Amino acid sequence: MRPGRLVWSLIVIACISGLGIGVAYAHTPTFNQQGSPSPEQAFVIDDVGLSLALFGTLREYGAADYYRLDVPDGHSLDFNLFVPMACEDFRPEIALIGPEVAGNSAAVDLEIPPDMNISAVAREQWGSFFEPFDPAFYFRGPGIRHIADGGTYYIVVYSTQDEPGNYMLGMSGREEFSAGDNWREQKSEYDRCEIGANNWFWRQWQKFLGGGVLLLIPFLGYFLARRRGRL
């Protein structure tokens, strides 16, 4: 390969890699700042086809956040629960409430609307997850996947622990990133948990190192091309 082509190839790879991060992890961040502790006060998800990252906080045993969706027949509900790695011991649980749902009951008392049933997912094996779009480390926990008959459904995130903690509820759908100007600052409040791997200083170093690697790739290609041209 000619030196010039090598340089441009490396530049294209770097750009594609950067774009790939944005496309693959373009879940729209949405913040449940006030909490939604009952079906009557549920956080309503208006666009059920959009990929979302829903951030919330549970402060005590039995605390719950309800998310309401009105979905058509055959709609695929696909949710996964995450916890910032800074919240080392916090492990919430997740439940689905709906008209034809059947499964296990939750470990805490949850409010179930009339003519609905519940399927709760207890603490599955938690693994690690790195989200590179806005760099952060998470623990990845239980998920819910359900083909709905249509109607109103609730996804509930609840705590069985006395300690407070933050969570991120991921909802699968079409990738269409849209957020306010200060979404990074809002998200950082949920990623930090005050101390740990996702605190503000660590996040800045992650961004610095990640950006530095992408910037170095074209310069490294140019250096190698010049050196090869002299041989």
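Let me begin with a term: a residue is called buried if its relative accessible area is under 20%, exposed if that area is over 50%, and partly exposed in between, using a 1.4 Å probe and protein chains only. What we have here is a predicted model, in which local features need pLDDT of at least 70 and side-chain atom pairs count only at pLDDT 80 or more, while totals for chains, interfaces and linings use all residues. Residues are numbered from 1 along each chain as its sequence is written, and side-chain values use heavy atoms, with hydrogens and water left out.

Now to the rings, where those of Phe, Tyr and Trp (its six-membered ring) pair if their centres lie within 6.5 Å, and the planes count as stacked under 30 degrees apart, edge-to-face over 60 and tilted for the rest. Searching the whole structure gives seven aromatic pairs. One of them is the stacked pair of Phe 31 and Tyr 190, with 5.8 Å from centre to centre and 15° between the planes.

Another pair, Phe 43 with Tyr 67, is tilted, at 5.6 Å centre to centre and 50° between the planes. Tyr 67 is buried, its relative accessible area being 0%, whereas Phe 43, at 21% relative accessibility, counts as partly exposed.

Finally, a charge sits over a ring if NZ of Lys or CZ of Arg is within 6 Å of the ring centre and within 35 degrees of the ring normal. The charged end of Arg 91 sits over the ring of Trp 126, 5.1 Å from its centre, and also over the ring of Phe 139, 4.1 Å from its centre.
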